[in-house]
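Here's a quick tour to read with the model open beside you.

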Amino acid sequence: MIGEEAARLRREYEAEGLVESDMAADPITQFRHWFDGVISAGIDEPNAFVLATTDADGSPSARAVLMKDVSSEGIVFYTGLGSRKSRALRENRLAAATFVWTPLHRQVRFEGTVDEVDSSTADEYFASRPRGAQIAAHASRQSEVVADRESLERRYQELDESFGGVVPRPENWGGWRLAPESVEFWQGRPNRFHDRIRYYLQDGVWMTERLAP
């Protein structure tokens, strides 16, 4: 069930729609404004998004990940550096990310290029994670085939017992930053006659345009 706050916001957003003159000058500022509304509505996992990648052979893949930072430089997420997504991002730096907030009838689509975050930034974020998540990052070589769940559990237990109070960041774990070149804001409207406003870079300046629903 949609919560009372989310339902109220959805009705307001659908009634107001999107007007170009009301949008922020850049997509990150606009995204933060929308994200604040998502937080206020109490939606679960508001920072979850679907990341789409393509490897060197042109094979597409998509999965849900969590945004851990957003700045004028883009959105950041963390993962195993040997995972399928990380391998694809090294082979093809183009990627797309889609946030979908169904209770508010809103979505945001990012398209751009990725770069790995620096070691100090990854270290700082890893240190903020719960110990259990830190151990799990060591115990799992993401995307690799494993014999069974029990072998993973044994590895986790062994590492939990071997580490002291501080768990270092694994060498095969880090972060990626998606720097957008295009960001689309989608607002649901009655009769499926939705609003779509897209930001795009032109000579280093953010421009906006309206897309048909």
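This is a predicted model: local features need pLDDT of at least 70, side-chain atom pairs count only at pLDDT 80 or more; totals for chains, interfaces and linings use all residues.

Residues are numbered from 1 along each chain as its sequence is written, and side-chain values use heavy atoms, with hydrogens and water left out.

- Helices and strands here are DSSP runs numbered from the N terminus (H or I with at least four residues for helices, E with at least two for strands).
- In helix H4 (residues 119-128), the buried residues are Ala122, Tyr125 and Phe126; buried means under 20% relative accessible area, exposed over 50%, and partly exposed in between, using a 1.4 Å probe and protein chains only.
- Looking down the axis of H4, its buried residues fall within an arc of 100°, so they line one face of the helix; the arc is taken from the directions from the helix axis to the C-beta atoms.

**Helices H1 and H2**

- Two packed helices are described by the angle between their axes and the distance between the axes.
- For helix H1 (residues 4-16) and helix H2 (residues 27-41), the axes come within 8 Å and cross at roughly 145°; axes are lines fitted to C-alpha atoms, for helices over the stretch in contact, and angles run from 0 to 180 degrees between N-to-C directions.
- On the H1 side, Glu5, Ala6, Leu9 and Tyr13 meet Gly37, Ser40 and Ala41 of H2.
- Sorted by class, this contact of H1 with H2 has 4 nonpolar, 2 polar and 1 charged residues; Ala, Val, Leu, Ile, Met, Phe, Trp, Tyr, Cys and Pro count as nonpolar, Asp, Glu, Lys and Arg as charged, and the others, Gly among them, as polar.

**Nonpolar cores**

- A nonpolar core is a set of buried Ala, Val, Leu, Ile, Met, Phe, Trp, Tyr and Cys residues joined through side-chain atoms within 4.5 Å.
- The largest one has 35 residues, and those with the most contacts inside it are Phe31, Phe49, Ile75, Trp101, Phe110 and Phe185.
- At least two residues of this core come from each of H1, H2, strand S1 (48-54), S4, strand S5 (94-101), strand S6 (106-116), S7 and strand S8 (195-202).
- H2 gives the most to this core, with 6 residues.
- Another core, of 12 residues, lies apart from it, and includes Tyr78, Ala122, Tyr125 and Phe126.
- Not counting residues up to four places away in sequence, the residues Phe185 touches include Leu18, Phe31, Trp34, Val108, Ile197 and Tyr199.

- Gln30 is in helix H2 and counts as buried, at 5% relative accessibility.
- Leaving aside neighbours within four places in sequence, Gln30 is in contact with Asp22, Met23, Ala24, Phe185 and Tyr199.
- Ala64 is in strand S2 (residues 60-66) and counts as exposed, at 63% relative accessibility.
- Ala64 and Phe49 are 15 residues apart in sequence and 5.4 Å apart in space, C-alpha to C-alpha.
- With neighbours within four places in sequence set aside, Ala64 is in contact with Phe49 and Val50.

**Salt bridges**

- The whole structure has 12 salt bridges, each being a side-chain nitrogen of Lys or Arg within 4 Å of a carboxyl oxygen of Asp or Glu.
- Arg177 and Glu73 form one of them, at 3.7 Å, N to O.
- That pair links distant parts of the chain, 104 residues apart: Arg177 is in strand S7, and Glu73 is in the loop between strand S3 (69-71) and S4.
- Arg177 is partly exposed at 22%, as is Glu73 at 49%.
- Arg210 and Asp195 meet in another salt bridge, at 2.8 Å, N to O.
- Here Arg210 sits in strand S9 (residues 205-211) and Asp195 in strand S8, 15 residues apart.
- Arg210 is partly exposed, with a relative accessible area of 38%, whereas Asp195 is buried, with 8%.
- Glu209 and Arg198 pair up at 2.6 Å, N to O, with Glu209 in strand S9 and Arg198 in strand S8, 11 residues apart.
- Salt bridges that share partners join Glu20, Arg189, Asp195 and Arg210 into one network.

Key
Contact means heavy atoms within 4.5 Å.
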